[in-house]
Every structure is written in structure tokens, then in C-alpha cells.
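Subject: Handing over a structure

Dear colleague,

I am passing on a structure for you to look through, and below it I have set out what was found. Please keep it open while you read.

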Amino acid sequence: MIFDGDQLMALEDKFLASYALKSKDSKGRMHLEKADLTRTPFQKDRDRIIHSRAFRRLKMKTQVFVAHHGDHFRTRLTHTLEAAQISRDISRSLGLNEDLAEAITLAHDLGHTPFGHAGEEALDELLQPFGLSFEHNEQSRRIVEELEHVYPDFRGLNLTHEVRQGLMKHQTPWDQPDKEFQKASLEAQVANLADEIAYNNHDTDDALRAGLITEDDLGELMIWQTAAKQVVETYGKIENSYIRLSRTVSKMIGLMIHDLIKTSNPEGGEIKFSKAQTKMNRELKSFLTDRFYFHENVLELSKRGQNIIRSLFENYHNHPDNLPKEEQASIKNGTQLEIVIKDYIAGMTDEFAEQEWERVLQ
Ligand code: MG
């Protein structure tokens, strides 16, 4: 039996909860398109995101670490895949639209600069004197609406309103600690919290593997104690530290996901952790901030990345002829020079930024 797009949409009615955002209720795309033969609109969006250039570049962008400092550390790409997997699991359990949550999650970090949050900060500072700013969520939206150019009649990927909206609403306390979040779709809320679950856990794992924190350090944390206890209950005492740590981080992910599924009130429009879990997450986050994100080794690499971004920006600003032809054409067509430079630098991978830095400084 083969399901066509219409039948798949009908299945959503049958299998998704009443509060899920169904494809048939989508507000559609900016440019009208024929319905797809074999996919729902949100499936199609997901596929467009995966096939985009910006998505492929995530593989060489730093999460926290500089990508080439070890093959096993997370990059933006592996972070995105881990977050998408968590997003899908949560959505399926809650009867939400898995395709929509997955598409939002896969696109949520497309706008990140090279060199992680440090790179974003540097670029933002460089733009301020020109009345501009940089914010990675806004840049993700700009990529899918404007910068990807693969259709003859329009720019952007022409994604559905719901996926684009999900990107705009993707704000985390990390990004804007003082901001109240606007009400987002349930699927966008899931994407947002799946992102948080992914990075809190894989950053713990990366920091441990890099030797910047120890298992004893983590022993101070409630969430680690709870997970470690459950590991012993399940497996007994595990001597091999690699396996023990892997199991403990995995338990932490499980604890967070289960708590979120249990506590959320989708009928009331709310995806959330319990109070106890929120407290544990906060404790873990502040531990990671002090001990990992602000660790001198990490800061040193961040500073190096920021210097590269500054040098590149200044160089292109003084010598726009150092930009590729496509970017020079945008300037001739009237796009502000600083916006062209911003889009170009933000799109770079860490590796390309390094190479370009060497090239322009020669
Ligand atoms: Mg993320």
C-alpha cells in the first residue's frame, strides 16, 4: 500500500492529538505550490532544510569546542541531530506533529556563526556602529527566507508559515535571559526544550571527555546524583569509566525527557518541566557555565575565534573586492555592505573562516 500526501494528512487526523498542529491547518507558504505527491507540507520542509547548503555547513561549526580539537566532540550538526531526535521522541509521546517539531529543530541553529556564541558576540559588536545587530535565530530565519537561493522564481526555501514561525520563536534563556517568551506552537516549544536537553547533556559529556570537569565535580549536582543512582540500580557498579559515564549521561537525558512528557499540559498549551526538574536543570546549567563555558581553555579558543571574525570583517570592509563575486554583486544591487559581510561571515564554517583569515591577511 502506498500513502500519498493527502492520505498522510488524513492519518495525522487519526493519530495526532486534537491539540497537535496538523498539516491541513497550515497557513501555507509565501509562494503557492502544488501539493506534494508523497509528503505532507511539514515533511517537505524538513527535507528542504536537510538539503540546504546552510545545513551542510553545520558539520564544521563549533558547538562549544573548536571542531578540530577532537573527532568526538559535538559540532552544530551533531547537536542539531541529537536535538531533533529528542524533539521527535517528545512529540510522538505527546501526540504532537513530529514532522513539524523535527523541521523546526533541524533548522533552529542554521544561523549560527563560526566559533559558537563567541563568534555571534563578536559579529554583533562589529555591526552595532552601523545600526545593525546579529542574533542567530533571526539569521536562521533570514537563511530560510532569503539567503538560500535554489528556486527560479523566488529566494529562500518557501517553508510553511508554521516552521518559519517556530524559528522566530526559538529563544532560549541562554540567548536572551531577560526576555519573556511569546506563546509558540506546542511543536515549537518542544523544539526549544529539546535543544536545551540536548546541549545540557552533550556539553556535560564533552566537558568530561575533554578532562575539563571530573565525575567527582558532577557528583555535587542533584541531576547527576539521581542519574548515577539509577545507573547502579540498573547495571550494578560499572568499573569501566567510559561506559559508566555514557550510561549516566544517557540516564540524565531520559530523566529530563520523561519529566517533560509527564509534566507538560498540551491541552493547556504548555510544554514544561516540573519545578523540581527545572531546579536541577538550572543547577546543571550554572555548573556548565562556570566550569565549562568559562573555562580558560574554552575562553582562549573563543578569543581566537573572535579575533578571526574581527580581522575578516575589517578586511572585507576596507577591501570589498576580497569578497566573492556573488557577494560583490549583492553590493552592486544595493544591499548594504555591512549586511553582505555579516551574511558572508555568519555562513562560514570554523575551518573556512580560518583559511579565509590566512588568505586575506597575506
Ligand atoms: Mg541549538
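Are F292 and Y293 buried or exposed? F292 is buried, and Y293 is buried as well, where buried stands for under 20% relative accessible area, exposed for over 50% and partly exposed for what lies in between, with a 1.4 Å probe and protein chains only.

Before going further, please note that this is a predicted model, in which local features need pLDDT of at least 70 and side-chain atom pairs count only at pLDDT 80 or more, while totals for chains, interfaces and linings use all residues. Residues are numbered from 1 along each chain as its sequence is written, and side-chain values use heavy atoms, with hydrogens and water left out.

The overall fold

The secondary structure of the protein chain consists of 17 helices and zero strands; both are DSSP runs numbered from the N terminus, helices being H or I with at least four residues and strands being E with at least two. The radius of gyration is 21 Å, close to the 21 Å that the globule rule gives for 362 residues, so the chain is as compact as a globular protein of that length; this radius is taken over C-alpha atoms, and the rule is 2.2 Å times the number of residues to the power 0.38. Of the 362 residues, 52% count as buried. Among contacts (heavy atoms within 4.5 Å) with a separation of 6 or more, 70% come from residues 24 or more positions apart.

The magnesium ion

The protein donors of the magnesium ion are H79 (NE2), H108 (NE2), D109 (OD) and D195 (OD), which lie 2.1 to 2.5 Å from the ion. Donors are N, O and S atoms within 2.8 Å of the metal (3.2 Å for Na, K and Ca), and because water is not among the atoms, sites may look incomplete. H79 lies in helix α4 (residues 76–94) and D195 in helix α9 (residues 186–209), so this pair ties together parts that are 116 residues apart in sequence. Both H79 and D195 are buried.

D109 sits in the loop between α5 (98–107) and α6, and D109 is also buried, with a relative accessible area of 3%. The side chain of D109 makes a polar contact with the side chain of H108 at 3.2 Å; such a contact is a pair of N or O atoms within 3.5 Å, where within protein one must be able to donate a hydrogen and the other to accept it, and residues adjacent in sequence count only if both atoms are side-chain atoms.

The aromatic rings

How many aromatic pairs does a search of the whole structure find? The search finds five, counting rings of Phe, Tyr and Trp (its six-membered ring) with centres within 6.5 Å, and calling planes under 30 degrees apart stacked, over 60 edge-to-face and the rest tilted. The rings of F130 and F313 have centres 6.3 Å apart and planes at 40°, so the pair is tilted. F130 lies in the loop between α6 (116–127) and α7 (136–147) and F313 in helix α14 (residues 296–318), so the pair ties together parts that are 183 residues apart in sequence. F130 is partly exposed, at 33% relative accessible area, whereas F313 is buried, at 2%.
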